[in-house]
Amino acid sequence: MEMEISSVKMLYKHLIFCAVQRCRMADYLCRLTVKLTPVSRFGLPLVRISVSDTGVGSKLEDYQYLKYRNDPILANQWDGMLYLATTSVSDSEIHNLNLNLKESNSVGTLTKLPSTAKNGAKFSGTEVSVSISKSLDDLLAEVTCFLQKMILLKVPKVVMELLVGGDDSLGSQIGSRILVIEGSSVYSPVESIKCLKLGLKDYVRKHQTRFSVGENLKVGTGVANSSGSSQGNSQVVEAVVIISEMSELVPSSCIREQDMKTEVLYFEDFVSCSIAQSSLDALTNINWKSYGLALRSIANHDGSVMLEWENLLPDFHIHIAIHCYHRQVKQWVAENSLPDRNLVRKAVKCALDDLKENNQGVLLSRRALKMCDYAPDLAKTLAQLILSSNDLNFQEECCSLLGVQSQEVNMDNVGNCIREKIISVIGLNDRNSQKNKEAPTFLFEDDCFQKEHFMEEEYHEGEEAYNFLDL
Amino acid sequence: MEGKRLNTQPLALIRKIKGFTRSIVEDLARGNAPLIYIDRFRNYCTGTSGNCSCSSGLPTGKEAISLKRECHVRRLDILLRVLLIVQQLLQENRHGSKRDIYYMHPTVFKEQSVVDRAINDICILLQCSRHNLNVVSVGNGLVMGWLRYVESGRKIDCISNPNTAYPIPVHVEEVNDILSVAQYVLVVEKESVFQRLANDQFCKRNHCIVITGRGYPDVPTRRFLRLLIDKLHLPVYCLVDCDPYGFDILTTYKFGSLQMAYDATFLQVSEIQWLGVFVQDSDNYSIPQQCLLPLTVEDKRKVEAMLHRCYLQREVPKW
């Protein structure tokens, strides 16, 4: 099993990934620190990235599977050296190792360094450091962006922090804290999806870059579980879909391209990462039309997925987060168990259905939307049929059926009430029709079009005066 | 008074309209989609079994209109708009024409035929005829001959000028006291034929009543003819052109039209007899060849379609 590192980003993401899993495996509260320290070597600007955690000790195998890609850009930025210090609770010392992945051996060259004594103290943890030739500002921006996505999840029992070290050659132990991410206290499936939901809501609010007068977030969540794969570890896929409809002051001519796009925030095993192909396939295979959406394209740029839509309304935005994880924590040694495509599809679909179920008039299929266009007119006519009747008892009866108080009875109120109910019924039918796709069609359903044609044909004759040869 | 359905008085219809509205409101209030059943009628089919029920006047099935299809929703929108207008006409005891109704929402209706169908649907739902809804069409028919009647209190005396055309009354339900010394009723297709008979003083020598619908007969013309036959029990003869359209006009008088199929039993005059013109007449009367026009492709297509109508096989196979 190999993993080829092709970029600095991929490298530190992987280091953080391993650290997160080690923390998850521990049954106590852990700290995970990402520290960026500027150092200078031979006059060249360097940044040391170190990822340290207080989780269970790490295994060499985590890192020996890494391969260094022969890439000029990577070569300029990283020398392929990894410094590792790790200890388990049962160890009496801290092991220090150097790993040189640039060596052309199938396994990188490992150099054991002198261990550090623990003097009887019982703790476990790992620190992995690499030196990167890039500007601190650039790296800091990248890492911050990456970790900010992690805020969506609350890793159980883990506190994450991002520090920037002091600017001296010894590498200051105390750095300025840029970011702290609190974890959740304990893992439970219910808590987990709840956290993802709250996380995405906060993320959406923070990232609304345009001035908005009113904000309306509609949320749907879905979870899909596998009962147990062949490897014996069950997978969970959580999905959250948020629709934000903002009442904008900005005129519609200012619609930006980004408005018609959705960035899918994707996580695996509690770490933000690039989307797996199976998950991408799952997204492609969802029947978006039944939710009134038309997908123009799915693009995968550098692991980040963008869904592009056709014809979204100007104030309508969709946000999606997907989290696939193994219920049983494992370090990254195991075989590549991609998330099950069907699970991902099921979870996202559940989230969309949940949204639709709990929010009237949202994500209606195209067909339902077209029918809703008639709702105001239908409602107005019905209201007029009621209120223009000579029979006051009849008016009272209808208004009371609709739940309109007698003192509030007027054309607008009654009309609005009826309109809401019509839209609600259309929405209900829309949801039910999706559920009953296999159900037999109505007896007369197909006759609708035939009858149109039939009647149209006959209507040419009949009533109208017909002068054939007007002599 | 002509043949009547039950419960078609304005009050009864207003009550039915309220009932219909209430049932929709009840459904919506309960969160159910309203489901409206409209009986389907036809007065002919093209089935070959010979066992159809087209002549019975009974519905041949039902359509279900719901909020599940866009075409249904549009149809319901139109129906309710027209129903509202009808309710107002009945409540205020006013009359309006189908065209008037169309002009109330022309951008929504888009076409007259849309309004016509809504009116038909309402007639079927309320089990009445169109005139019961206070919806009238502008009359198009003419009558002359040995006939006298009272229309809405006014005396119409065709007998005083038997070769003068009088318009056929639109409010046929207001026609009373029909008196006639005619021996038969002659129905002609064309206004030009009607005028020719008038110019030739046909009714001076022939004690008859001549009627024309000026092409395809409108509802008042058909109702009036039906009324005359019911009251006077005279033989009726029909003179139409020897072409598919003439033949179609004959079948309209005799069997009713498809679009008014729900009212066929009140509108058809099954006693009517085909007087001509027949194909063999061109020989019998030595009509020169150049006076004859060949059938066009459209004409032939129409004939083909008409020949399949079940009533031709069943009722008048000798035709």
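How many of the eight residues of strand β8 (residues 125-132) of chain A are buried? Seven of them are, so this strand is largely enclosed by the rest of the structure.

Strand β8 of chain A has two pairing partners to consider. Strand β3 (residues 44-53) of chain A pairs with β8(A) in the antiparallel sense, over seven bridges. Within that pairing, A:Asp53 stands opposite A:Thr126 in β8(A). Strand β5 (residues 81-87) of chain A also pairs with β8(A) in the antiparallel sense, over five bridges. Here A:Thr86 has A:Thr126 in β8(A) as its bridge partner. In general, the strands of a sheet pair through backbone hydrogen bonds, and the sense may be parallel or antiparallel.

A pair of aromatic rings is described by the distance of the centres and the angle of the planes. Over all chains, the count of aromatic pairs comes to twelve. In one of these pairs, the rings of A:Trp288 and A:Trp309 have centres 5.1 Å apart and planes at 80°; because an angle over 60 degrees counts as edge-to-face, the pair is given that name. A:Trp288 lies in the loop between α6 (277-284) and β17 (295-301) of chain A, while A:Trp309 belongs to strand β18 (residues 304-309) of chain A, so the pair ties together parts that are 21 residues apart in sequence. A:Trp288 counts as buried at 5% relative accessibility, and A:Trp309 counts as buried at 0%.

Chain B supplies another edge-to-face pair: the rings of B:Tyr102 and B:Tyr103 have their centres 5.1 Å apart and their planes at 70°. B:Tyr102 is buried, with a relative accessible area of 11%. In chain A, one aromatic cluster is formed by A:Tyr187, A:Phe270 and A:Tyr325. A charged side chain may also be placed over a ring, as A:Lys118 is: it lies over the face of A:Phe123, at 4.8 Å from the ring centre.

The discussion now moves to the sheets of chain B. An open sheet of six strands has the order β8-β5-β11-β10-β12-β13 (chain B), and its pairing is mixed. Its edge strands are β8 (166-167) and β13 (273-276) of chain B, each of which pairs on one side only. Strand β5 (residues 142-145) of chain B pairs with β8(B) in the antiparallel sense over two bridges, and B:Val143 stands opposite B:Tyr166 in β8(B). Helix α6 (residues 191-199) of chain B packs on this sheet, where it touches β5, β10 (184-188), β11 and β12 (236-239) of chain B; the direction of the helix makes about 20° with that of β5(B).

B:Ile211 is found in strand β11 (residues 208-212) of chain B. Is B:Ile211 buried or exposed? With a relative accessible area of 0%, B:Ile211 is buried. Although B:Ile211 and B:Val143 are 68 residues apart in sequence, their C-alpha atoms are 4.5 Å apart in space. Leaving out residues up to four places away in sequence, B:Ile211 touches a set of residues including B:Val143, B:Ile168, B:Phe194 and B:Phe224.

Chain B also has an open sheet of three strands, in the order β7-β6-β9, with antiparallel pairing. The edge strands here are β7 (154-157) and β9 (175-180) of chain B, each pairing on one side only. On average, neighbouring strands of this sheet are turned by 15° against each other, direction ignored. Strand β6 (residues 147-151) of chain B pairs with β9(B) over four bridges, and B:Arg148 has B:Leu179 in β9(B) as its bridge partner. Helix α8 (residues 219-232) of chain B packs on the sheet and touches β6 and β9 of chain B, its direction making about 60° with that of β9(B).

Finally, confidence should be considered. Chain A averages a pLDDT of 81, and 81% of the residues score at least 70. In chain A, confidence is highest in helix α9 (residues 375-387), at 95, and lowest in helix α12 (residues 447-458), at a mean of 38. Over residues 438-471 of chain A the pLDDT is below 50, yet this stretch has 57 contacts in the model beyond near neighbours in sequence. Where pLDDT is low, the predicted coordinates should not be read in detail.

Definitions and conventions
Residues numbered from 1 in each chain as written. Chains lettered and ligands numbered in written order. Heavy atoms only, no water. Phe/Tyr/Trp six-rings, centres within 6.5 Å; stacked < 30°, edge-to-face > 60°. Buried < 20%, exposed > 50% of the residue type's maximum accessible area, 1.4 Å probe, protein only. Lys NZ or Arg CZ within 6 Å of the ring centre and 35° of its normal. Pairing = 2+ DSSP bridges. Axes fitted to C-alpha atoms, helices over the stretch in contact; angles between N-to-C directions. Contact = heavy atoms within 4.5 Å. pLDDT = per-residue confidence, 0-100.
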